[in-house]
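The entries follow in the order in which I made them.

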Amino acid sequence: MAKYDIVIRNGTIHDGEGGAPRVADVAIEGQVIAAIGRIDGSGREEIDATGMLVTPGFVDVHTHYDGQASWSDRLGPTSLHGVTTVVMGNCGVGFAPCRPHQRDILVEVMEGVEDVPEVVMIQGVPWNWETFPDYLDAMAERRLDVDFAAQLPHSALRVYVMGERAASFDPPTADDLARMRELTAEAIRAGAVGISTSRNMLHRTTQGAPIPSLFSEEVELNALAAGLCDAGAGVFQLIPNVDNPPAEEFRLMRRIAEVARRPLSYSLMQLPSGDPEAWRDSIDLMAQAVADGLPIRAQVAPRGVGTLYGLDLSFNPFMLHPSFRAIAQLPLAEKVARMRDPAFRAQLLSEQADESDPMTLRRIAGARESYPLGDPPNYEPDPSERVDRKAAALGKSYEEHVYDLLLERDGRALLFWPVANYRHGDSRAVREMLGDPNTVMALADGGAHYGLVCDSSFPTYFLTRWVRDASGDERFDLADGIAQLTGKPADLVGFGDRGRLKPGYKADVNVIDFDRLTLSAPEMRHDLPAGGKRLDQGAEGYVATIVSGEITYRNGAPTGALPGRLVRGQQSAPAPRAFARAGA
């Protein structure tokens, strides 16, 4: 009888390509899938998957674990949701290349754009690199709970090449452009999976300054694209300027893709203001580009995205009131005790925010348009439950009502302000975007927005909301839904060795109790360097997650195995192979 490392018995197998499911066994030998079918040989470890789904490990192409991957061996919360491979370095921000005297500006950029506290990065990031190949070499030494790949961030590259001129938005010289092109190609050849940039006008430092790459002209973006072309590999990832008409942004993206001769992916959402159907224009333009032979794909979030508010989070409606500022640093339980005191409540409610920064005030004012998130979390609330509307219905002031809401669940209650992909409670646009053949489910942003956002749970949300619990035309076929999380994103970044359940492919596997799959409410953890806080969000129903043939999580609990490694560049699909000891 053959012996394998792991045999998963009698599960419903999904291949990650949308093929029809079948009940079978999966044998794992070393880091690869050895056989699928009836496995006669036993396994050193066996998993009974009767009545459960067996899927490829999920691939998350839009994360910001650049910092966390350098100081932590776990990329949570993402790794709690069946994800076995992540791509970091999105949106043009990251930590390499970087000369020692340039570290402060990259920290300011990451703090401003991705809400990673400065003190966390100062204490946590080791900075044992300078060039991007140095960075990849340093990351290759890391041992994590998931595989991880990196993109070259445009802002870091611009600062590295142009120095102080980058932050003052000077136009690059011909020599600057040549150097950026050269370093882009060098990074790709060293193992970067692409280059990223952002044209989002909200992407600014903690001081409100635009990030160094924000105003880059087309000639500079084309220099980066030419670097991809020179290397003959990599993906160009871009956050568009949503203040521009979709047709204008798309013409730019087409020209970049034409120069790069490589795939381009960009972020697509339904926006809260302006034309609610503008996303359709982008979809149509993308379809035309694909028909013209340009491999352009849109990254789409599976639900409304926005800001979370809470007493222990980065923002809450009273954070700038003098009375709250006096207790802001207290442990949550002490903070709640003070806020339940009637005299303290009366004093705080009589105060106004002590702040003049318009962006901060706008973020705080957004709480008026927020909704109680609840547990289990509700990301599609009824418009009548909006905090300001509910307060009026109850005959209370907004301030009184939101004060009481924040004290629920012993102060752990959260409010959710959806600012995109949510319009008057209607999610049809999200479903249509997700169902387009040229989109990829992404934008979970793991490793970023530690005290503002917790979207790393997107895979679990997608599987429950759009696959299991949806009805009629809304519902994704289960096989197609699994492909949305596995083969499709793997293909986007050129990972041909994973995202499928086939013999010879990488043994990244999930065993899922689909009926029991449930998303928990986000909770605050204090486990970052320097005691920093981050939102965490778990799930029930992931019976086992396997990375490179090692079980990393059982029923949501870590096993201690850390098989995750740096993925350098594109990965070829394995050649068809037969295993002599495979079962029939």
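**Salt bridges and cysteines**

I began with aspartate 536, which counts as buried at 9% relative accessibility; buried means under 20% relative accessible area, exposed over 50%, and partly exposed in between, with a 1.4 Å probe and protein chains only. The model is predicted, so that local features need pLDDT of at least 70 and side-chain atom pairs count only at pLDDT 80 or more, while totals for chains, interfaces and linings use all residues. Residues are numbered from 1 along each chain as its sequence is written, and side-chain values use heavy atoms, with hydrogens and water left out.

I then looked up the partner of aspartate 536: its side chain meets that of arginine 525 in a salt bridge at 3.3 Å, N to O. I took a salt bridge as a side-chain nitrogen of Lys or Arg within 4 Å of a carboxyl oxygen of Asp or Glu. Arginine 525 lies in strand 20 and aspartate 536 in strand 21 (residues 534–536), so the pair ties together parts 11 residues apart in sequence. Strands (E, at least two residues) and helices (H or I, at least four) are DSSP runs numbered from the N terminus. Arginine 525 counts as partly exposed, at 36% relative accessibility.

My search of the whole structure returned 43 salt bridges. In one of them, arginine 44 pairs with aspartate 5, the closest N and O atoms being 3.7 Å apart. Arginine 44 is exposed at 60% relative accessibility, whereas aspartate 5 is partly exposed at 23%.

Which charged residue is buried yet has no salt bridge? I found arginine 262, for which the nearest side chain of opposite charge, aspartate 230, is 11 Å away; Lys and Arg count as positive and Asp and Glu as negative, with His and the chain ends not counted. Arginine 262 sits in the loop between helix 9 (246–260) and strand 12 (264–268). Its side chain reaches the backbone oxygen of glycine 234 at 3.0 Å.

Finally I searched the whole structure for disulfides, pairs of cysteine sulfur atoms within 2.5 Å, and found 0. For cysteine 91, the nearest cysteine sulfur is that of cysteine 454, 17 Å away. Cysteine 91 is buried, with a relative accessible area of 4%.

Definitions and conventions
A polar contact is a pair of N or O atoms within 3.5 Å; within protein, one must be able to donate a hydrogen and the other to accept it, and residues adjacent in sequence count only if both atoms are side-chain atoms.
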